[in-house]
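Let's take a walk through a protein model together, one region at a time. Keep the structure in view and look for each residue as it comes up.

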Amino acid sequence: MFVRRIAVVGAGYVGLTTAACMASLGHRVVCADLDEDKIGRLQAGEIDIREPGLAGLVAEGVAAGRLSFVVGATGALDELAADAKPVEVIFLCLPTPMGVGGVADLEAIEAVLEELREKLPSGCVLVNKSTVPVGTAERATELLMRSDIPVVSNPEFLREGCAVRDFLNPDRVVVGSDVSDAAERVAALYARLGAPTVLTDAASAEMVKYAANCFLAMKLSYVNAIAELCERLNADIVDVTEGIGYDRRIGQAFLSPGPGWGGSCLPKDTQALLQVADAVDFEFRLLRATIDTNIRQYQRMVDKVREAVTGKRTGSLRWKRLAVLGLTFKAGTDDLRGSPALAVVAQLRQAGAELIAYDPALPADTRINTPGVVLVDDPYLVAKDVDAIVILTEWADFRSLDWPHLATIVRRPVIIDTRNLLDPDVVRRAGFYWVGVGRTLNR
Ligand code: UGA
């Protein structure tokens, strides 16, 4: 195997995972970030991203002399050059937040290209891992003004909460470039993983990322819509998704209904592709409906709570006290960005409910942007004297709470389980009235 000399620019969740995993594959990696405090913490061995296995891999890489951290992209090139041989591959793992009108904001990428343009050694490869609009590699090539440096698109498909596992066991590796051999050189970095590899042009690689995330969002909106139909037709979504999931063309994964999909990626990427389509006069109705169905899902969860608590679809939640279990956008992360739970919580507040919340990943002093939500760090404290318990994130720990005890401290034993997390029989035996999503009432 060839040991490559790699600079990773950006020590966020994608950058740090890429750096640590590339080092674990034997490459020499310097990871850079503009945030001096973050680099200081990383140099001191402190990892502030909650990601299983990541801290161990970072420590191993550092101990083996294969991984180090520096401030600034130029710093990474200098550190590698100090070993006498220059950088060979530069991964850009930079934020591309939702900019004006939902268009991806490429400011961070442009700034780094400007910084590195004259410093990159001839023959190195510039690889973009950030999610960027189709055409960005071409634009980067223009901005770089260096015909001796190919730009490659190598999107990542990591999920928060299992980033290391996803990186080291990928379903596929996608690498695209318009310069011959460049994509092959980057694909070779992953050779040891033995994953199916798609070699293509830059625009197609960029498109793969959006097409994948938007497809996943569409799958979830579809499942949430089918769950609503199940409720109206007295069918059960758990059996329905199992039944369709055995069809290998559909698959069992990503079929759980919930309060809506969220996070830092799917909402941003669905909006961005919609804008990209709009810019080329393509009315992407399917994607628009995917997003609208999701926004409607939050309201639907509020209506569920309303009905369960007051017995009426139009009943008032004013002064009703609700316990919220789970605020992060999914279980296994402490990330609140784009959390459907927060969207539902904001609407419950607007409807006049009093909210007290617990999330196993969030200390009680975590800042929640919805005013009036009290966060506590004890799941039993949260349920005291409430009119209902609303489960919004699928933390497995909630299953093993002492439900018979909880039934004795609530004011009214009602659970609205927007993740179908609990076993209805268990909580019903404990004395609760339980409502899920897309479940028949007699199950
Ligand atoms: C997503 C993609 O799954 C990754 O492949 C991609 O690399 C990443 O975005 C990215 O672009 O960086 P992530 O944001 O970590 O990963 O979250 P997911 O695990 O995909 O979950 C997204 C949302 O869908 C969450 O709100 C989750 O609760 C919801 N979800 C997921 C469901 O409601 N039901 C399911 O069956 C699965």
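Start at K330, which touches G161, G263, T393 and E394 when residues up to four places away in sequence are left out. Keep in mind as you look that this is a predicted model. Is K330 buried or exposed? K330 counts as buried because 21 other C-beta atoms lie within 10 Å, and the cut-off for buried is 20 or more.

K330 also belongs to a list from a record. In an unreviewed entry, UniProt gives a "binding site" made up of F157, L158, R159, E160, K209, F254, L255, S256, P257, G258, G262 and K330. These residues are spread over 174 residues of sequence, and in space they are spread too, with up to 23.4 Å between C-alpha atoms.

Pick F254 from that list and compare. F254 lies in the loop between α10 (237–245) and α11 (266–279). Leaving out residues up to four places away in sequence, F254 touches L216, K219 and L220. With 15 other C-beta atoms within 10 Å, F254 is partly exposed.

Now turn to the ligand. Which residues are the closest to it? Of the 21 residues that surround the ligand, the closest are S256, G258, G263, C265 and K330. Helix α9 supplies the largest share, three residues. Both domain 1 (5–196) and domain 2 (201–443) contribute at least three residues each to the shell.

Next, look inside the protein. In soluble globular proteins, nonpolar side chains tend to be buried together. Here the largest nonpolar core has 88 residues, and the members that touch the most others are A7, V9, C31, V89 and I90. Helix α9 (residues 202–233) gives the most to this core, with 12 residues. The core takes at least three residues from each of domain 1 (5–196) and domain 2 (201–443). Zoom in on C31: setting aside neighbours within four places in sequence, C31 is in contact with V8, A11, G15, L16, A19, L67 and F69. There is also a second, separate core of 44 residues, which includes V309, V427, F432 and W434.

Now follow the chain to a region named in a record. The annotation "domain: UDP-glucose/GDP-mannose dehydrogenase C-terminal", from an unreviewed UniProt entry, covers residues 323–424. Over this stretch the chain is 23% helix and 19% strand, and its end C-alpha atoms are 18 Å apart.

Find helix α13 and notice its buried residues: P340, A341, L342, A343, V344, V345 and L348. What covers them? The cover includes α12 (285–310), β9, β10 (354–358) and β11 (373–375). Just after α13, G352 takes a positive phi of about 100 degrees.

Our last stop is A396, in the loop between β12 (388–391) and α15 (403–409). A396 is exposed because 10 other C-beta atoms lie within 10 Å, where 12 or fewer is the cut-off. To get a sense of distance, find I109 as well: A396 and I109 are 287 residues apart in sequence and 38 Å apart in space, C-alpha to C-alpha.

Key. Residues numbered from 1 in each chain as written. Predicted model: local features only at pLDDT ≥ 70, side-chain atom pairs only at ≥ 80, totals over all residues. UniProt positions renumbered as here; feature names shortened; annotations may be inferred. Helix = DSSP H or I, 4+ residues; strand = E, 2+ residues; numbered from the N terminus. Core = buried A, V, L, I, M, F, W, Y, C linked by C-beta atoms within 7 Å. Domains from an automatic or database assignment. Contact = placed C-beta atoms within 7 Å. Near = placed C-beta within 6 Å.
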